[in-house]
Amino acid sequence: MQIAMINPDKVSALDAKIGAKLKALRLNKAINEGAAAAAADLTFQEYRSCEAGTRRASSHELFRIARLRRVPLTEIFAALDEPTVG
């Protein structure tokens, strides 16, 4: 299996999948965007961009988000294994 190198300055379909997972987890735990942003040490707009898949979240941010939701970090990355719809 060959691993593609990702340009860290450019968001990708992977970022969109992770963003969708972040939103689903947030809604499942009934957490508002403001609280999620604060817990991740992001501005509201930065956090919203992560969920939209237009901003790549750092590993530190994803770790803080996972802790807020009380899920293992691997649950966020499990989104990468889910089939793409559409």
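1. Ala 79 is buried, because its relative accessible area is 2%. This residue is found in the segment after α5, and, leaving aside residues up to four places away in sequence, Ala 79 touches Lys 17 and Lys 21. The C-alpha atoms of Ala 79 and Lys 17 are separated by 6.0 Å, although the two residues are 62 apart along the chain. Please keep in mind here, and throughout, that this is a predicted model.

2. As to the overall layout, the chain has five helices and zero strands, and reading along the sequence gives the pattern α-α-α-α-α. Of the 86 residues of the chain, 31% count as buried. Among contacts between residues at least 6 apart in sequence, 62% join residues at least 24 apart.

3. Two packed helices are described by the angle between their axes and the distance between the axes. For helix α1 (residues 13–28) and helix α4 (residues 59–69), the axes come within 10 Å and cross at roughly 25°. Since angles under 35 degrees count as roughly parallel, that makes α1 roughly parallel to α4. The crossing of α1 and α4 is left-handed.

4. Which residues make the contact of α1 with α4? From α1 come Ile 18, Leu 22, Leu 25 and Arg 26, and these meet Leu 62, Ile 65 and Arg 69 in α4. Divided by residue type, the contact of α1 with α4 comprises five nonpolar, no polar and two charged residues.

5. The residues of the contact of α1 with α3 divide into four nonpolar, one polar and four charged.

6. Just after α3, Gly 53 takes a positive phi of about 80°.

7. The buried residues of α4 are Glu 61, Leu 62, Ile 65, Ala 66 and Arg 69. Seen down the axis of α4, these residues fall within an arc of 135°, so they line one face of the helix. An α-helix has 3.6 residues a turn, so residues three or four places apart point the same way. The buried residues of α4 pack against α1, α2 (33–39), α3 (44–52) and α5 (73–77), whereas the face of α4 turned away from its buried side carries the exposed residues His 60 and Arg 67.

8. Where does the backbone take a positive phi just after α4? The residue concerned is Arg 70, with a value of about 60°, and Arg 70 lies in the loop between α4 and α5. Arg 70 is exposed, because its relative accessible area is 76%. Most residues other than glycine have a negative phi, and most peptide bonds are trans, and a careful reader may therefore wish to look at this position in the displayed model.

9. A positive phi is also found at Ala 30, where the value is about 55° although the residue is not a glycine. Ala 30 is found in the loop between α1 and α2, and at 71% relative accessibility Ala 30 counts as exposed, because exposed means over 50%.

10. Finally, Ala 38 has its place in helix α2, and at 57% relative accessibility Ala 38 counts as exposed. The C-alpha atoms of Ala 38 and Arg 64 are separated by 9.8 Å, with the two residues 26 apart along the chain.

Definitions and conventions:
Residues numbered from 1 in each chain as written. Predicted model: local features only at pLDDT ≥ 70, side-chain atom pairs only at ≥ 80, totals over all residues. Heavy atoms only, no water. Axes fitted to C-alpha atoms, helices over the stretch in contact; angles between N-to-C directions. Helix = DSSP H or I, 4+ residues; strand = E, 2+ residues; numbered from the N terminus. Parallel < 35°, antiparallel > 145°, perpendicular 65-115°, else oblique. Left-handed = near helix turned anticlockwise from the far one by under 90°. Contact = heavy atoms within 4.5 Å. Nonpolar A, V, L, I, M, F, W, Y, C, P; charged D, E, K, R; others polar. Buried < 20%, exposed > 50% of the residue type's maximum accessible area, 1.4 Å probe, protein only. Arc of directions from axis to C-beta.
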